[in-house]
Each structure stands twice: as structure tokens, then as C-alpha cells.
Amino acid sequence: LIQPCIDFADMRNRIYKIADSDPALQSLPLELRRGDVLELYKSFSDVAKTKAKAVFDDIETKAIQDMTLMEHLGELCHCLDGRGIQRAVLTRNVLRSVDAMHKKLWDTHAVKEFYPAVSRETMSLDEKERPLPSKPSPEPILRICNIWGCSPEQVIMVGDSVADDIVAASRANCGGKVLLMYNGKAIDNDAGGGNVETGKEQHHGEREPSMVIY
């Protein structure tokens with residue numbers, strides 16, 4: 001939906017430095033102080049969480065400032081809407097990033113909002129009042145299917161991350177799993193959970209898209 005504007009390598013490095021200095025984690029081996037930054041955040045001490053939140057806020061604020069819509073996104077949304085095809089957005093970012101994208105879409109192309117918009121701040125519907133797990137968990141996709149009143153087999157997941165988007169689609173059993181390559185190239189959009197050097201590798205079959213668009 002938007003052109004790449006987050007420096008994931010910088011984000012990983014900054015969060016991993018916090019992990020290495022957090023007394024709550026210092027007794028753990030290095031491999032347990034690495035991995036997906038959002039999952040790692042959950043194990044931080046309160047002081048470390050405050051520092052990590054400042055990093056996330058800084059990166060996401062800059063991403064909003066630098067946000068540029070993908071070319072022809074407005075035309076694509078109007079085409080889908082004209083055919084009665086529902087569209088949702090699923091992101092590991094915060095809701096204000098989604099709100100900024102929706103405003104830019106409306107201001108530039110008069111495109112209505114994606115519905116539903118599921119972010120890492122979206123709450124689960126169970127009684128524990130917990131945030132909905134982020135991708136690559138299938139739960140956010142299943143939430144969208146529930147709202148739309150359809151099965152996952154009727155849904156096509158489109159994303160630019162093998163580790164998050166394609167794996168989540170595989171686990172939800174989506175009918176289609178489309179991987180987008182920006183300018184024909186893979187980009188570094190790994191928050192630490194899908195890199196064999198920084199996190200546990202998912203099952204190989206889960207990482208296979210049904211289509212790749214260059």
C-alpha cells in the first residue's frame with residue numbers, strides 16, 4: 001500500500017541494544033535476546049519497555065512523515081470497490097499509521113477506508129482483554145474473515161514480507177498468498193522473526209507464496 005519507509009535494520013539494532021542492557025534479560029543466552037522485536041518487547045522490564053516504546057514511536061513517526069502511497073493504489077482501490085470486492089488492511093504498525101494512510105488515500109484519490117483495519121493495537125475478542133497477536137499469527141486474518149462473514153479460502157493475502165504476510169496466510173489457510181517485490185527486489189522488512197540469523201525459522205512450506213509479483 002505504501003512505499004518502504006522503515007529502516008528495519010536500525011530498528012532491530014536499537015531494540016537489541018536495549019535487550020542486551022536490560023537486567024531482566026542479561027542472564028539469558030544471546031539467541032533469546034534476539035528475534036522478533038515485538039515479541040522481545042513483551043519480556044522487557046518496565047524501564048526497558050519505556051526505552052523500546054520511544055524507539056518504536058520515533059521510527060513510526062518518521063515513517064508517517066515519509067509516507068508515500070504506492071503508484072496506482074487509488075485506481076486499484078476504486079477497481080476493487082467497483083467490483084464489490086472487500087479489502088482490509090493488516091499491519092504490525094500502530095493505528096495512527098493506518099489513519100495517516102487512510103487520510104492520504106482520501107485526500108489524493110477519494111478512496112474510502114479499508115475495513116477492517118487491524119493493527120498491533122487491535123484487541124482480541126476473548127475475555128483476557130489482550131492485544132490480538134501480530135502476524136505471522138493467523139488470528140488477525142481469521143478476525144477479518146469473521147467480520148466479512150467468509151472463510152479464509154475465499155481470501156487473498158497480499159504482502160511484501162515472507163516471514164510475516166506469507167506465513168500468516170499459510171497458517172490461516174488463505175486461498176491465495178501473493179508476495180510483492182518492490183521494484184523487482186526483496187526488501188529488508190524483517191522485524192527479527194523470520195531471519196534465520198535472528199529468529200526461529202518457520203516451516204519451509206509456510207513461506208511459499210502462491211504468486212510473486214515483481
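Tutor: I156 counts as exposed because its relative accessibility is 59%, where exposed means over 50% relative accessible area, buried under 20% and partly exposed in between (1.4 Å probe, protein chains only). This is a predicted model, in which local features need pLDDT of at least 70 and side-chain atom pairs count only at pLDDT 80 or more, while totals for chains, interfaces and linings use all residues. Residues are numbered from 1 along each chain as its sequence is written, and side-chain values use heavy atoms, with hydrogens and water left out.

I156 has its place in strand β3; strands (E, at least two residues) and helices (H or I, at least four) are DSSP runs, numbered from the N terminus. Together with V158, L180, M211 and I213, I156 makes a nonpolar surface patch of about 450 Å². Two or more residues of this patch come from each of β3 and β5 (211–213). Such a patch is made of residues with over 30% relative accessible area and no salt bridge, nonpolar side chains (Val, Leu, Ile, Met, Phe, Trp, Tyr) being joined within 5 Å and like charges within 9 Å; a salt bridge is a side-chain nitrogen of Lys or Arg within 4 Å of a carboxyl oxygen of Asp or Glu. The areas come from the Shrake-Rupley method with a 1.4 Å probe, and for residues only the protein chains shown count as cover.
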